[in-house]
Amino acid sequence: MSAWFDYTVNGFVIGNIYALLAVGLALIYGVANLVNFAHGSVYVVGAYIGWAAITHLGTPLPLTLLCVVVVCALVGVAIERIGLRALQGSSRIAPLLATIGIGLVLDQVVQLVWSPDPRAVPMQVPEWRIAIGGGTIGALDLLIAGIGCSSAAVLYGFLRFTKLGWAVRATAQDSDAAQQMGVDINRVNMAVFAIASVLSGISGLLVGMYYNQINPAMSFEATLKGIVALIIGGLGNVPGAIAGSLILGLTESYGIALFGTSYRNLFAFVLLVAMLLWRPNGLFAPRRAAAPEPMVGTFIARSLPVKLPRWVVPVVLLAAALLPLLNQPYLLQIGANSLMYAMLALSLTLVAGTVGQVSLGHAALLAIGGYASGLLALDAGWPVALAIPAAGLITAGLGTALVWPAFRLTGHYVSIATLGIGEIVSLVILNWTGLTRGAIGLGGIPPLELFGVDLGSVQGTYWLCLVVLVLLALLQLRLLSSHLGRTWRAIRDDSVAARSHGVGEDRYKALAFGYGGFAAGISGAITAHVYSYINHETFGASLSVLALTMVILGGMGNVLGAVLGATLLIALPEAFRALAEYRILIYGVVLLLLIRFRPQGLMGTV
Amino acid sequence: MSLHRRSLLLGSASLGAGTALAPRSAGAADPVFVGVSGPLTGPNAQYGAQWKDAFDLALEQLNPAAQHKLQYVFEDSQSDPRQSVAIAQKFVNDARIVMELGDFSSPASMAASPIYQRAKLVQFGFTNSHPDFTKGGDYMWSNSISQAEEQPTLADYAITGLGRHKLGVIHLNTDWGVTSKNLFSAAVQAKGATVTAAEGFLPNERDFRSTLVRIRDSNPDGIVIIAYYADAATIVRQIRTLGLTQPIVAVSSVYSPKLIELGGDAVNGVHVITTFFPDEPRPGVQRFVEAFRAKYNRDPDTFNATAYDTMVLASTLVNQYGPTRAAIREGLGKVRGVPSVIFGTMQFDQTTRRVEGAQYKRLVVKDGRFTLFTGGTPS
Amino acid sequence: MLEVQGLQKRFGGVTAVADGALTLREGELLSIIGPNGAGKTTLFNLISGLEPPDAGSVRFQGQDITGAVPEALAALGIARTFQHGRVFGNLSVLDNVLVGAHTRLRAVKPALPLLGPLLEMALAALRPPAVRAEEAALRRDAEQILARFGDRLLPRLHQPAFSLSYANRRRVEIARALALRPKLLLLDEPTAGMNQTETAEMQEVVADLKRSGLTILLIEHKLEMVMRLSDRVLVMDNGRRIAEGLPQQVRNNPAVIEAYLGHRHAGAEPVS
C-alpha cells in the first residue's frame with residue numbers, strides 16, 4: 001500500500017504547482033469575469049526574468065524574486081491597460097480572444113529575446129530533502145506550498161480588510177453598481193492583473209527551479225492546467241482554486257497509477273468536462289439560481305454586415321476558379337490550404353457566430369473527419385470519393401454526440417468544455433491504438449481521386465476544394481435564410497426568450513453542430529488525403545484557436561467573412577515569410593489590433 | 001548569443017538565398033541551391049537553429065574548393081504540415097533547387113512527401129526516423145539513425161554491458177518513441193531479458209513522479225529512457241529525487257551537452273549510447289568538432305552532427321553527379337563512402353533508402369562530463 | 001383555464017414566492033400588482049417554466065404543467081413577455097416576430113427523434129412550395145401583428161432590434177408573443193419605461209387584445225391602467241396573495257393600502 005501513499009504525495013506535489021497558477025486565474029476571473037489565456041505566458045516571462053537576473057546579474061533569491069515581481073506586475077498592468085481596458089463594452093468574447101492574442105505575442109517575444117532553447121535555472125533554495133513514503137520532498141516543494149497558501153491568505157486578507165480589496169470585491173459582485181458607488185474600476189482591474197501576473201511570474205520561476213528547466217513552449221500547458229484546476233475549484237473562487245489544483249494533481253496521479261502515464265491528461269480533461277456538467281460553478285459553490293437577464297445582444301458585437309456590390313462575389317469566384325491557369329503551384333497550394341480552412345471556418349462561424357457556442361475544440365472535428373476517411377480508405381478499402389462524404393457524416397454524428405452534454409452550458413463554460421472535449425478526442429486517438437494506430441499515426445492514406453480521376457496534383461486539390469467549399473457555403477447561406485437561420489440567431493441572442501417561444505435549444509444546437517461537423521469533417525478528410533499521413537498532433541489545439549481567429553476576423557456568423565478570414569490567415573503568414581521568425585509576432589499584433597479596432601470583424605457580424 | 005541571433009537572421013529567406021558566406025571567386029559556376037523546410041519559430045524552433053549552425057559550417061568548409069558552390073534556402077515551416085506542403089510547392093517549382101532537406105517532424109515531412117514524389121525532387125528527411133517515411137516513394141531518403149539498429153545496441157548496453165535483466169522503460173509517446181520502444185522490447189526479449197514496465201509520456205510533460213512510482217513498483221534493476229535530452233534531464237532528476245538508485249541507460253538523442261546543464265549533478269552515472277561523441281579521436285569527428293568550436297564557441301551535439309553530415313552529402317552529390325534533380329536521385333543510389341561524422345562513411349541501402357552502420361559509442365556521465373564507458377558493472 | 005395552487009420558490013435563504021395561487025378563466029384579464037420584490041416576476045417565471053417550483057402545482061386547460069420546460073409551454077399556447085424586454089438584438093424586427101411564430105411552423109413539429117430534425121433541415125434547405133407558402137403567410141401575419149402598433153414598427157421592419165428605442169423593443173416583444181397565437185398571454189410590465197403617450201397607446205393595444213377574447217395575465221405598476229383594463233386584480237406582497245377581487249374592491253382594501261404605504265419605494269405611482 002506504500003505505493004498509494006506515494007501516488008497521493010505525488011498528486012499533492014504537482015497539485016501544489018498547479019495551485020500557484022490557478023490562484024491568479026481565479027482572481028482575474030473573479031474580478032474581470034475573464035478566463036485569462038495569457039496567464040501561462042506571464043508565467044514564462046516570470047521564469048525567464050528570474051533566469052536572466054540570476055545568470056546575468058547574479059542576484060540572490062530575494063532580489064531575483066523582486067525582479068520577477070516588478071517586471072510581471074508591469075506586464076500585468078500593460079495587459080490590462082493596453083490589451084483589455086479598451087474592450088470594455090464590446091462583445092463578451094473580445095477580451096477572451098485578446099488574452100489569446102496577448103499570450104501569443106508574449107510567447108514570441110520571449111522566444112525572440114532568449115531563443116527557444118531550454119535553459120537551466122540555477123537552484124537558489126537549499127537542497128535538503130525529507131524522506132516521505134518511498135520518495136522525498138524538498139525545500140522547494142514546501143516553499144511552493146507556502147507561497148501558494150500564503151498568497152491565498154494574503155489575498156483573502158487584502159480582499160477582506162483593505163479599501164482596494166473592498167473595491168475589488170464590490171467590482172466582482174456588480175461592476176456597474178460599484179462604479180456608481182465611486183469605485184474606480186480601472187484601478188481595481190489594474191491592481192488585480194498586476195497581482196495575478198506577479199503570482200504567475202513567481203510560479204514560473206519556482207517551477208523553473210523545480211524542474212531546473214524553462215522553455216518558451218511551456219506556457220500553453222501551464223494555462224491549460226491552470227484553467228482545469230480553476231474550473232474544479234469554481235471560477236473566481238480563490239481558496240477553491242487551491243483545492244481544485246490539489247484534486248487535479250491527485251486525479252492525474254491516481255490516473256497514472258491505475259491506467260498508465262499516457263492516460264494522465266485524459267483523466268485531467270475528463271475531470272474538467274465532468275465538473276462542468278455536474279457542477280459548473282465548481283465543487284465549493286452552491287448551485288446557483290438562474291442567471292440574471294442578459295443585456296440585449298452583448299454576446300457579439302452589434303453591427304450591420306458589410307454590403308458588397310452585387311458583382312463582387314461572382315467576380316471573385318470567377319477569379320478563384322481561374323487561378324490554376326496562372327500556373328503558380330505555390331500560390332495554388334496556399335489557395336487550396338485556404339479553402340480547406342475556409343470549410344472549417346464555415347463550420348465554426350455557424351456554431352460560434354450564428355448559434356453563439358464559442359467552441360475552442362473545433363480542430364477535434366478535423367481529426368475525426370481525417371481519421372474516419374483515412375481509416376475507411378485504408379482499412380475498409382473504400383474509394384476516396386465515398387470515404388470523404390462518409391467521414392463528413394461520421395463527424396457530424398460523432399461530433400454532435402460528443403458536445404451534446406455541453407449543450408446546457410453557456411458563455412465561457414461552452415468554450416472551456418469544448419476545449420476539454422477537443423483534448424479528449426486527441427488523447428483517445430493517441431491511446432486507442434487498436435483503431436487509430438496510436439502515436440504511429442495513419443500513413444499511406446491514398447491521394448485524392450474522384451471515381452478514377454486523379455486529383456492528387458495541386459490543381460486537382462484546389463479544384464475539388466473550391467467546388468466543395470462553394471457547395472457548402474451555398475448550403476449554409478440557404479439554411480441561414482430559412483427559419484433555421486433566425487432560430488439559431490435567436491438562441492444566440494437570448495436563449496431564455498427563444499425557449500419561451502417554443503424553440504427547443506438542444507434540437508437547434510444539435511442541428512448546428514451536425515452541419516458544422518459535416519463541413520469540418522469534410523475538411524479534415526480532404527486534408528488527410530492531401531497529407532497522406534496524419535497523427536494525433538496533426539490537428540492540434542492551436543488549430544482550434546486559429547479557426548476561431550478566422551471567424552472573428554471575418555465577422556461572427558458571416559459566411560463570406562469566414563472564407564475571407566481563412567484566406568487571409570493562411571495567406572498572411574506566407575506573405576510575412578520574408579520576416580522569418582518575426583512573422584508570428586506580427587501575426588499576433590495584427591490580431592490584437594483587429595480585436596481592438598474592428599471587433600465586429602471585416603465583413604461584420606450577422 | 002548576439003552572434004548566434006545574427007547568424008540566424010543572415011540565413012533567413014528574406015535574403016532569398018540563405019547564407020552565402022563564401023566569397024564568389026571569379027569563374028565559379030552559378031551557385032546550386034538546396035531547399036530546407038524546418039522549424040525556425042514555434043515549439044521546435046531550437047532544432048532549426050541547430051541545423052543552420054551546422055549547415056553554415058559545412059558550406060563554409062566545402063564551397064571554396066567545390067566546383068559547384070552550394071547554398072540553401074531555409075523556409076520556416078514551424079514543423080507544421082499545413083506550411084510544409086506550401087513550402088514543398090515553392091521548392092518544387094523553384095527550378096534552382098535540386099534537393100530538399102527536412103522537415104523536422106514526421107507529420108510535417110510526410111504530408112509534403114506526395115508533392116516531392118510527384119515532382120521527382122528528392123526529399124531528404126534527415127531527422128525522420130518514422131518507419132513509413134521512406135515508404136512515401138523512391139524520392140524519399142534519409143540518413144536518420146535507424147531505430148532497428150539503435151535499439152538492439154541500447155539493449156546490448158543495458159544487458160551485456162551493465163548486466164541488467166529487468167528493465168523499466170519510460171518513453172516519449174510519439175511515433176518515434178513508440179517505434180523505438182517496440183523495437184527495444186523485441187531486442188530485450190531476444191536477449192532473454194524482460195521489460196518490466198513501459199510508460200509513455202506526452203511532450204511538454206514535466207512531472208514524472210507518479211510514472212516513476214509505477215516503474216519502481218515493477219521492480220526493475222535498470223531504467224531505460226527513450227526521449228530527447230531536455231525531457232531526459234527532468235526524468236533523471238526525478239528518478240533520483242524519488243530515491244531510485246538503479247542504473248539509467250538512454251538512447252542517443254539524450255546525448256547532448258545540454259543534458260548536463262539541465263540535469264545537474266543528478267545525471268552523473270547516466271549511461272547513453274551515441275553515434276556522435278566530440279571526444280572520439282577519429283579524424284573526421286575531430287575536424288568537425290574543432291571547426292564547430294572555433295565558429296560557435298561551444299560543443300556540437302548530435303543534431304548539429306546529423307545536419308552537418310547531410311550538407312556534406314548534398315555537396316558531394318552535386319559535385320559528383322551534377323547539379324540537377326535527376327542526377328541527385330541517381331547519385332543517392334550510387335554514392336558510396338561519403339565521409340560522415342555519424343557513420344564514418346555513408347552509403348544507402350537501395351530498398352530502405354536509409355543508411356546503415358552507425359558507429360555507436362557507450363558513454364557514461366562522470367563528474368559532469370561525458371566519458372567513454374570502459375566496461376564493468378557500475379558500483 | 002389556468003389554475004395555480006400553493007406555488008413556492010426559495011433562493012438560498014430568501015423565499016421569493018411563499019404561496020402563489022390564482023385562477024384565470026378563459027377570456028379574462030387578471031392583473032397582478034404589488035410592491036417591488038413582492039414575487040410577481042418569480043411567479044411568472046414559475047408559471048412559464050423558466051424556473052421549477054419547490055412546491056405547488058400549475059394546471060393549464062386541465063392539464064398539469066407544473067415544472068414543464070418553457071418550450072413545451074409555448075407549444076401549448078402560453079406566451080410571455082419579460083420585465084426588461086428581451087428582444088433578439090441582432091435580429092430584424094420582422095425576424096423577432098417570426099421567431100415568435102416558431103411553434104406554428106409545420107417543419108418543426110416534433111416527429112421521430114433523429115429524423116425529425118434532419119427532415120426539418122432538409123425542408124429548410126430545399127424549401128418546397130408548401131414551405132415557401134407557409135413562410136409567406138407567416139410574414140403577412142407578422143406584418144399584421146406589427147400593424148397593431150400603428151407606424152411605430154412597420155417602417156422599421158428590417159432594422160436590427162438593438163437599434164430600436166426602448167419602447168419599440170417592448171412593442172416588438174409583445175408582437176413576438178402574439179405571433180405564437182397564444183391562448184394565454186403573460187405580460188410583465190408592458191409599459192415600464194414608457195411616457196404617457198406611449199403608455200396610453202399600449203393600454204389601447206392591450207384593451208384591443210382583450211376585446212379579441214385573449215386570456216391575459218398582466219403584471220403592472222401603473223394602477224390607472226390596471227383599474228381600466230382588469231376584470232380582476234390580485235395583490236401580492238412578500239410572496240403571498242394579500243388580496244384579490246374586482247378592481248374597485250381591491251383599491252379600497254386596507255391590507256393593500258398598508259402594503260403599498262409600508263414600502264416607500266413601491267411603484268404605486270407611474271414610473272418616470
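Analyst: A salt bridge here is a side-chain nitrogen of Lys or Arg within 4 Å of a carboxyl oxygen of Asp or Glu. This is a predicted model, where local features need pLDDT of at least 70, side-chain atom pairs count only at pLDDT 80 or more, and totals for chains, interfaces and linings use all residues. Residues are numbered from 1 along each chain as its sequence is written, chains are lettered from A and ligands numbered from 1 in the order in which they are written, and side-chain values use heavy atoms, with hydrogens and water left out.

User: OK, how many salt bridges across the interface of chain A and chain C?
Analyst: The rule finds 4. In one salt bridge, E71(C) meets R499(A) at 2.8 Å, N to O.

User: And which helix gives the largest share of the side of chain A that touches chain C?
Analyst: α19(A), with 8 residues. Helices are DSSP runs of H or I, at least four residues, numbered from the N terminus.

User: How much area do chain A and chain C bury?
Analyst: About 3,700 Å² between them, with 59% of it on carbon and sulfur atoms. Buried area is the accessible area (1.4 Å probe) that two parts lose on being put together, summed over both.

User: What about chain B and chain A?
Analyst: There the buried area is about 5,900 Å², and carbon and sulfur atoms give 52% of that. R82(B), R206(B) and R209(B) supply 12% of the area that chain B buries against chain A, more than any other three residues.

User: How many salt bridges between chain B and chain A?
Analyst: The count is 5. R264(A) and E205(B) meet in a salt bridge, at 3.4 Å from N to O. Helix α3 (residues 81-92) of chain B brings 8 residues, the largest share of the side of chain B that touches chain A.

User: Switching topic: which residues touch the most other members in the largest nonpolar core?
Analyst: Among them are W488(A), F55(B) and M311(B), in a core of 386 residues. A nonpolar core is a set of buried Ala, Val, Leu, Ile, Met, Phe, Trp, Tyr and Cys residues joined through side-chain atoms within 4.5 Å; buried means under 20% relative accessible area (1.4 Å probe, protein chains only).

User: And what is M311(B) in contact with?
Analyst: Leaving aside neighbours within four places in sequence, the contacts of M311(B) include F55(B), L59(B), Y72(B) and L101(B). Contact means heavy atoms within 4.5 Å.

User: Last one: is α16(A) mostly covered or uncovered?
Analyst: Mostly covered, with 19 of its 20 residues buried.

Methods. Buried < 20%, exposed > 50% of the residue type's maximum accessible area, 1.4 Å probe, protein only. Helix = DSSP H or I, 4+ residues; strand = E, 2+ residues; numbered from the N terminus.
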